[in-house]
Amino acid sequence: APTGPASLSGRALCGGIGIGQVVFHDPVVPAAKFFAADPQRELARLKSALQALRVSVDAMVTIDSGALMGEPRDVLETYRLLAHDPAWAERLREGVQSGLTAEASIDRARREHRVRLEQATDPYLRERLFDLEDLDNRLLRVLAGNNADGPQEFDDNSVLVARRLGPADLLEYRRSGLAGILVEEASVSSHAAIVARALEIPTLGGLPGLTTSVDEGDEVIVDAEEGVAHLRPESTLNEAYASRIALRSERKAIYAALRDQPAISRDGVRVRLMINAGLQLDMETLAESGADGVGLFRTEFQFLVSETLPRLGEQIELYRRLFESAGGREIYFRTVDLGGDKLLPDLNQEREENPALGWRSLRFALDSRGFFRRQLRALIRAAGERPLTVMFPMVTIPEEFFEAKAMLLEEMDWSRARGHEVPGELKIGAMLEAPSFAYSLQEISGEADFVSIGTNDLMQFFFAADRMTPRVSERYDLISRPAFRFLDETARKCAQYGLPVSICGEASGDPVKAVCLAALGFTQLSMPAAAVGSVKQAIRSVHLADFRHELCNLLGEGRGSLRKEILGLFAQHEINAVAN
């Protein structure tokens, strides 16, 4: 490994800053022998190892899940399903029966999963393959007799470095006192990232060449605010980051003091700050964040983590728990956004050239009517007499919204006719994620109760640039004249047609973007829970009318990105906009 200072850029999986010494996580145990002298003995060893693995995974789900007070149980349940998957076990047995040792059969499966992983484009399929590969590695460690005590405990100034991490491996490090985590292969939506966020450990992923760039004991800085890992930093950089950590602690104290204060601008404009959620885990941060409710609950995760489609009762139980966790705060339930690149067993097996523009989201739901009705029925039953807010994703033409709304109202009548309690208030909205739908607002006025703009999909369609593709990601710029002009026009149309409108994309979590969106008329913003404090502070420090006036002047002149001019306005207006 190199010995001088170096930096690697990656993606922040969990925000924060950590400083410490490298400790390695190496889950791969190579097979010592490839061919078995006694296949029956190898089958017995494999059976025993599988049983031990399943016992440990079951214990982790049933016991360890409660230890975190926010453990993403759905992720671990997925992991347990895979550990008990008979097809995986049968594939391993076939390898042993063909003459391989148990280790060689598992290693073969691991390599097959790795090949499929490298070919997979669907992020959810990739996550399952990551988990399967992690199970292969854990099973190899069981066979090697290394399964009893789990990872060693580290000092508080240790930074875990790994090529890959499965959710179970990461969970085992929860008491190890880690200052940060660096993972060579991981995405923001990975199961490891979900667990890292639950543990609140600063984590970076997507760091090519990481494991060959450091040695055990090297000092590293994990900057999960800027997405940079500094390897073997000089003392001056260390001191600068120590100061940033101190400032970050001070900011957290300020945000905590604002928790129960409303987000009201200096000129009296009330902005509702909501959180985005997709797991029961996320609901536990709702009250702590000081948010007004859940502006986007992604319901599809329950479907994607299961090998079989959740039954009606399972869906009802999940939604009831969410209502109870919300403590009376409003939840905007987005109906399933599936299809295309989000594959489900037995429902959509066809691969598409461009899944983001294919058979997905509301299109998929309307073509899978029994499946869709079951979800709508579960939401109604779970709500009981409580108010229910439902929004349909990626509506492209008014007819799609009308058809989905009719199905929801039919399910209301069905439940009422059978003596079930139904929501005392039902709000039905549409998500604006396709630019075409922005020019259909007049048709849905009087029919839709609200519109919610999902900036993640909307902007990538608007710019024809996939935000996850590095070569074109710079073309995806929300802080630009074309994007702001489009959003301003859309906000004006919604006001004209009497449609309340909100933003529920990740952009809302950036204080600079949030202030601009509020100035354009979007007075409900939904964001990651960790961003609520910083956005609230920024909103409370701005005079929105004055800021809007100058922002609109900028939109009418010049071209391209507005970033430099916007930051100048923030300095001029003394707006406190520091990312959390």
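Mentor: Before we start: a helix here is a DSSP run of H or I with at least four residues, numbered from the N terminus. Just past one of them, H15, Gly419 takes a positive phi of about 85 degrees. Keep in mind that this is a predicted model.

Trainee: How do you know how H15 compares with the span expected at 1.5 Å a residue?

Mentor: Take its 20 residues, 398-417.

Trainee: Which residues of H15 are buried, and what covers them?

Mentor: Among the buried ones are Phe401, Ala404, Leu408 and Met412, but also Glu400, Lys405 and Glu411. Their cover includes helices H13 (361-367), H14 and H16 (441-444), plus strands E12 (388-392) and E13 (426-432).

Trainee: What makes Thr203 count as buried?

Mentor: The cut-off is under 20% relative accessible area. Thr203 has 2%, so it counts as buried. Thr203 lies in strand E6 (residues 203-205), and its contacts include Arg11, Leu13, Cys14, Ile181 and Val222.

Trainee: Why is helix H17 called largely enclosed?

Mentor: Count the buried residues: 7 of the 9 in H17 (residues 455-463) qualify, so the rest of the structure largely encloses it. The buried ones are Thr455, Asn456, Asp457, Leu458, Met459, Gln460 and Phe461. They pack against E13, strand E14 (450-453), helix H18 (481-496) and strand E15 (501-503). After H17 comes Ala464, with a positive phi near 50 degrees.

Trainee: What makes a set of residues a nonpolar core?

Mentor: They must be buried, come from a list that includes Ala, Leu, Met and Phe, and be joined through side-chain atoms within 4.5 Å. The largest such core has 96 residues, and Phe392, Phe484, Phe522 and Phe547 have the most contacts inside it. Helix H14 (residues 369-383) gives the most to this core, with 8 residues. A second, separate core has 21 residues, including Leu50, Leu53, Leu132 and Val142.

Trainee: Which residues does Phe392 touch?

Mentor: Leaving out residues up to four places away in sequence, they include Leu362, Phe372, Leu376, Phe401, Leu408, Ile428 and Met431.

Trainee: How much of the protein chain do buried residues make up?

Mentor: They make up 54% of the 580 residues. The chain has 22 helices and 16 strands. Of its contacts with a separation of 6 or more, 69% link residues 24 or more positions apart.

Conventions. Residues numbered from 1 in each chain as written. Predicted model: local features only at pLDDT ≥ 70, side-chain atom pairs only at ≥ 80, totals over all residues. Heavy atoms only, no water. Buried < 20%, exposed > 50% of the residue type's maximum accessible area, 1.4 Å probe, protein only. Helix = DSSP H or I, 4+ residues; strand = E, 2+ residues; numbered from the N terminus. Contact = heavy atoms within 4.5 Å. Expected span 1.5 Å × (residues − 1).
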